[in-house]
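These notebook entries record what I looked up in one structure. I worked through strands, a helix, the domains and a ligand in turn.

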Amino acid sequence: MKDRIATVIKNRPCAEGIWSMTLAFDDLEEIKGAQFLDIKLPDRSKVLRRPFCICDFDKDAKTADVCYAVVGEGTKVLTEVKEGDKLNVLLPLGNGYSPKGKRIMLVGGGMGSAVLPAVITANPDKEFFVYLGFANAGKVVLEKEISAKGATVTVATDDGSYGKKGFVTSYAREAVDTVKPDEIFVCGPEVMYKAVRKSFEGCGVPVYVSLEQRMGCGIGACLVCNCKVKRADGEGYVRVCKDGPVFLLDEVVL
Ligand SMILES: Cc1cc2nc3c(=O)[nH]c(=O)nc-3n(C[C@H](O)[C@H](O)[C@H](O)COP(=O)(O)OP(=O)(O)OC[C@H]3O[C@@H](n4cnc5c(N)ncnc54)[C@H](O)[C@@H]3O)c2cc1C
Ligand code: FES
């Protein structure tokens, strides 16, 4: 992990309230899928960095992409960043997700889908079956980018305005018997993990999730991002930024 100066080479809207940013670096070390970066905002009154997953990366071009929803003051400030501007960025952070099996089912809910392209880029030898869920057609992101990587992609929207109608987790669950994945990786809101826990229980496939917590330092020092886990040796707390963000769903206390 290194603190670097990045040059913004793209920053523009890509869906309703969602922006896509590309950052160029002088050097870029090995990145795992589901690792994240922490951006220092150009507005000095906002001291805390803002964490975003590394949506995708290009090792040769030394670039990393971020796909972000504009939800508050910090992300509003990010939309004002211009191409050519410099940003202070800490990366890569977190444990990341390194699948062991060959056939991998990826499930993204809303902005959680932003983590998936990098998982595919970092694992060119795996076969990916991707399920993306959004609230409505206006919120759909990254479908084309993920399809372009050769993955099979199914999209569902809650209101049926694009793709299949309903929760994507139901379609993913239905597909487990035909896809026969070796592992399942899910990234989305906590409510999605609760639904996945209920419906995927007993499917016989390990399910990994990427947790999102409010963060302070992003590097394991402040303990702001604690989350409770249950392991063979008992219950305890882990830091989402350093020990995660990827955990086995069975171990997470939701
Ligand atoms: C490891 C990690 C990866 C993330 N990846 C992405 C990503 O790829 N794309 C993306 O759009 N967002 C991502 N987030 C969430 C993102 O960090 C927050 O949306 C952002 O920091 C909000 O900043 P703000 O100043 O605009 O909002 P604030 O004004 O601080 O808050 C506005 C709203 O955002 C919520 N919020 C703030 N911080 C977080 C947080 N850490 N997690 C969840 N909700 C938060 C608040 O509850 C509030 O409702 C990620 C968070 C983490 C921890
Ligand atoms: S954010 Fe400081 S320990 Fe995780």
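**Entry 1: strand pairing around β6**

Which residue in β6 does A24 stand opposite? I looked this up in the model, which is a predicted one, and found that A24 stands opposite T63. I then examined the strands that hold such pairs. Strand β2 covers residues 18–24 and is joined to β6 by 7 bridges, the two running antiparallel. Strand β5, residues 56–58, is also antiparallel to β6, and 3 bridges join them.

Is β6 mostly covered or uncovered? I noted that β6 is mostly covered, with 5 of its 7 residues buried.

**Entry 2: strand β1 and its partners**

I turned to β1, which spans residues 2–15 and runs antiparallel to β7 with 6 bridges joining the two. As an example of this pairing, I recorded A6, whose bridge partner in β7 is L87.

β1 also pairs with β2, in the antiparallel sense and over 7 bridges. One pair that I located has P13 opposite W19 in β2. How many residues lie between β1 and β2 in their hairpin? I found 2, and G17 in the turn has a positive phi of about 70°.

**Entry 3: helix α5**

I looked up burial along helix α5, residues 190–200, and listed M192, Y193, V196 and F200 as buried. Why do these buried residues line one face of the helix? Viewed down the axis of α5, they fall within an arc of 100°, so they share one face.

I then asked which elements the buried residues of α5 pack against. They are β8 (103–109), α4 (168–179), β12 (183–187) and β13 (207–210). Just after the helix, I noted that G202 takes a positive phi of about 80°.

**Entry 4: the domains**

I recorded the division of the chain into domain 1 (2–93), domain 2 (97–208) and domain 3 (211–254). The centres of domain 1 and domain 3, taken over C-alpha atoms, are separated by 23 Å. To the contact between these two, domain 1 gives 8 residues and domain 3 gives 7 residues. On the domain 1 side, the elements that give two or more residues are β3 (36–40) and β7 (86–93). I classified the residues of that side as 6 nonpolar, no polar and 2 charged.

**Entry 5: the shell around ligand 1**

Which of the 20 residues around ligand 1 come nearest? I found R50, G72, G74, T75 and A114. The elements giving two or more residues to the shell are β4 (50–53), β6 (63–69) and α1 (73–79). Of the elements, β4 gives the most, with 4 residues.

Notes
Residues numbered from 1 in each chain as written. Chains lettered and ligands numbered in written order. Predicted model: local features only at pLDDT ≥ 70, side-chain atom pairs only at ≥ 80, totals over all residues. Buried ≥ 20, exposed ≤ 12 C-beta atoms within 10 Å, placed from the backbone. Arc of directions from axis to C-beta. Near = placed C-beta within 6 Å. Domains from an automatic or database assignment. Nonpolar A, V, L, I, M, F, W, Y, C, P; charged D, E, K, R; others polar. Pairing = 2+ DSSP bridges.
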